[in-house]
Amino acid sequence: MKTDERYLHLLSNSFPTVADAAGEVINLEAILNLPKGTEHFLADIHGEHEAFAHVLKNASGNIKRKVGEIFGTTIRESEKKELCTLIYYPEQKLELVKATEQDIDDWYHITIHQLVKVCRDVSSKYTRSKVRKSLPQEFSYIIEELLHERSDDQNKAAYVAVIVDTIISTGRADDFIVAICNVIQRLAIDQLHILGDIYDRGQGAHIIMDTLRQYHSWDIQWGNHDILWMGAAAGNDACICNVLRLSLRYANLATLEEGYGINLVPLATFALETYGDDPCEEFIPKLLKNNKMDDKTLQLTAKMHKAISIIQFKEEARIFHRRPEWQMEDRCMLEHIDFDSHTYRLNGETHEMRSFCFPTVTPQNPSALTPEEEDLMQKLHHSFRVSEKLRKHIRTILSHGCMYNICNQNLLFHASIPLCEDGTLKEVNIMGQAFKGKELMEYTGQLIRSAFQNDTPNELKSFAKDYFLYLWCGKDSPLFDKSKMATFERYFLTDKETFKEEKGNYFKLRDSAEVCDRILDAFGVKGANRHIINGHVPVHASKGENPIKAGGRLMVIDGGFSEAYHSETGIAGYTLIYHSRGFQLVQHEPFTSTQDAILRGTDIKSTTQIVEMSTHRMLVADTDKGEELRQQITELKDLLWAYRHGIIKEKRN
């Protein structure tokens, strides 16, 4: 007996008899031999809530693939397409069908039987107990009966037929179809992994968060844009400014105003009063295709954009001066302006400026806020801090995520692991301590959480709040890993050479199998088929860049989910599916709209690339969960031994 006797006494409370313990061993041994559940990987969603919802509903083509396998040539392609659309959007599709279908009862009969076949297939890799927990209460018994009884069984044919007939005759067909479609969506994916960047650019980050709060099983590896919003929620004013600036840059105010109730009227008033005569040409927002603005609103947005940008540079400088150990005081941008010659000094060189209108910047103390700016920031700070919905969403991100995750021999993180030029792990100094690799990621995660804990000592909490800014733009940040963030240069300098942001060594060396193996070793990832899975840097598919790197050890799945990247990448993102037969990388074309998907059955056009297929169908036994179950089986067998040898007495009623 290897298990501690004290633990066995505790375990006996859950399994009080030999029969209970033996029954659980039988159950767990059986589960080990079920197929591995399907994992779904997404990265860099950037507020594109409609595309996100569609990819979630169609499981990156996994449901379409299963429908094809189940029905083969027995139904037409157009019918498969209609069935898939119904599974994705049952309520909306039903309304369209009922408006055009001549014999709705006949359609109900055919469709319900088809949906039961699909549901039976997607549920086949789970235990009955797990499937039962996924069923809606009002139809739990009916769906379970239909899943486990077949109409081709002569003894049960009439039984199954009557169930379907009665669903229709009692007027419950619509509700039943909606319920079983939702079950199919639920069971098609066992675990969802979000590799960071839910926020910024798109209009619906708050909608994505509401969706995730209802999702059955998911985790997130925080991205730099998530960290920015977390910093804003924690009260870091430089992060608040960055959040506002990015929202204004992409004319995306829906998340701020409608999603989180952030009051932007004080900013608009201040911008009009301060920059009323300034055309603010450099700050005209980037309008995406679904975002239309009249000229007056466009001009106001540009003025607000400039106003918050100038305040951002000041707020950042305050923190950089407060944290000289970060060696970022050279990024106190306003302090390098030559107000006499209207030029800019950068790295010892003089540069021309595109415009020179800085009514709130004092040459003697450029980073000081004016009284009006101080008043504005107090109002904005208050608005972020009192937003209950923002606080709720940040709590959700904290509870479901961290800086990295290891799952089934895959190391997941958003951006990078800081490296030296020779590919060894780079030590990063935080509060006088040096961290690298796994320890760096873990300490960073702890530091982030400490910013939200009431019992955190004041000095640590103050540093943790400031550190959100370093994670956003510090050169040794595992979420940034570049030489600089050239925000000021892009707005104000004419020389495009100053815009360049040199990528860190991770991005230069990640094609090396040796470097990837070194990282995997440092994180303790074992196995012959181990991988690193990343997002963060868009893959330029239009230029021939391959998302599979380092001989298959690294997969980069940020192909540009955000509309803002489509012209740059040539596609609309990658997602990754890891099912019992291996990895499939899915390359997506831009999503048109939910309305198109419902009315015309237009799915996201996707190209599936087989990355790595297993020689045998992977089972639960081959996963991390399998390792946990084997440990539980060992403990239960020790409990059985203790019962049978009288060391622990059975607790019979």
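The model is predicted, so local features need pLDDT of at least 70 and side-chain atom pairs count only at pLDDT 80 or more, while totals for chains, interfaces and linings use all residues. Residues are numbered from 1 along each chain as its sequence is written, and side-chain values use heavy atoms, with hydrogens and water left out.

First, the overall picture. The chain has 27 helices and 17 strands; these are DSSP runs, H or I of at least four residues for helices and E of at least two for strands, numbered from the N terminus. The C-alpha atoms fill a box of roughly 95 × 70 × 50 Å along the principal axes. Of the 653 residues, 55% are buried, where buried means under 20% relative accessible area, exposed over 50%, and partly exposed in between, with a 1.4 Å probe and protein chains only.

Now the salt bridges. There are 36 in the whole structure, each a side-chain nitrogen of Lys or Arg within 4 Å of a carboxyl oxygen of Asp or Glu.

Asp 174 and Lys 98 meet at 2.4 Å, N to O. Asp 174 is in helix α11 (residues 173-188) and Lys 98 in helix α6, so the pair ties together parts 76 residues apart in sequence. Asp 174 is buried at 19%; Lys 98 is partly exposed at 35%.

Asp 466 pairs with Arg 322, with the closest N and O atoms 2.9 Å apart. Helix α21 (residues 458-473) holds Asp 466 and helix α17 (residues 295-322) holds Arg 322, so this bridge links parts 144 residues apart in sequence. Asp 466 is buried at 6%, whereas Arg 322 is partly exposed at 44%.
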